[in-house]
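Here is a short briefing on one protein model. Look at the structure first, then read the points below.

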Amino acid sequence: MSELYRFGISLDRELIEAFDRHISEQHYQSRSEAIRDLIREELVRKKWTEGGAVAGAIVMTYNHHKRELVNRLLDIQHDFHDIIISTQHVHLDHGNCLEVIAVKGNAPDVEKLSTALKVLVGVKHLNLSVSAAE
Ligand code: NI
C-alpha cells in the first residue's frame, strides 16, 4: 500500500454542511473517502480532456433484426481492434442484444469508436464509462 499523507482543508461552514449531507446520502464512510473519489474523478476527467490513456467500457443495446447493423458493428469493432480488449454479447430477448465492449487506449480513439457505434441506426442506447488506464 502506498504511503498516506494527511492535510487540512479550510471550508465555509455552509459548504462543509452541504458536503456532509451529500456524502451521507452517498453512504460514504468518511470525508476522506469522498474527497479521494472526487480527486480521482477530476484526474480522470483531466486525462480525458488531454487525450491521455484511458480504460473503460462501452455498454450498448441494439436491435439485431436490423441485419446490416450487425455487420456494421462487427466492421467497426475490427477497425478498432487495437483498443478493444474484449466484447461480451448478451441476447436480451427475441429482438434485443446487449453488448459490453472493454476498451483501453488514447481518449480520442476511444471516443471515435464510441461515436461510430452510437450513430448507427438500430443502436438504442450507448453509454461510455472511463477510468484512468494506469
Ligand atoms: Ni444477441
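Buried means under 20% relative accessible area, exposed means over 50%, and partly exposed lies in between (1.4 Å probe, protein chains only). By that rule S114 is buried, because its relative accessible area is 6%.

This is a predicted model, where local features need pLDDT of at least 70, side-chain atom pairs count only at pLDDT 80 or more, and totals for chains, interfaces and linings use all residues. Residues are numbered from 1 along each chain as its sequence is written, and side-chain values use heavy atoms, with hydrogens and water left out.

**Around S114**
- S114 sits in helix α4 (residues 107-118); helices are DSSP runs (H or I, at least four residues) and strands are too (E, at least two), numbered from the N terminus.
- Leaving aside neighbours within four places in sequence, S114 is in contact (heavy atoms within 4.5 Å) with I58, L126 and L128.

**Domains**
- The protein chain has domain 1 (13-50) and domain 2 (53-132), with bounds from an automatic or database domain assignment.
- The centres of these domains, taken over C-alpha atoms, are 30 Å apart.

**Confidence**
- The protein chain has a mean pLDDT (the predictor's confidence in each residue, from 0 to 100) of 92.
- In the chain, 99% of residues reach 70 or more.
- Confidence is lowest in α2, at a mean of 87, and highest in strand β2 (residues 84-91), at 97.
- Where pLDDT is low, the predicted coordinates should not be read in detail.
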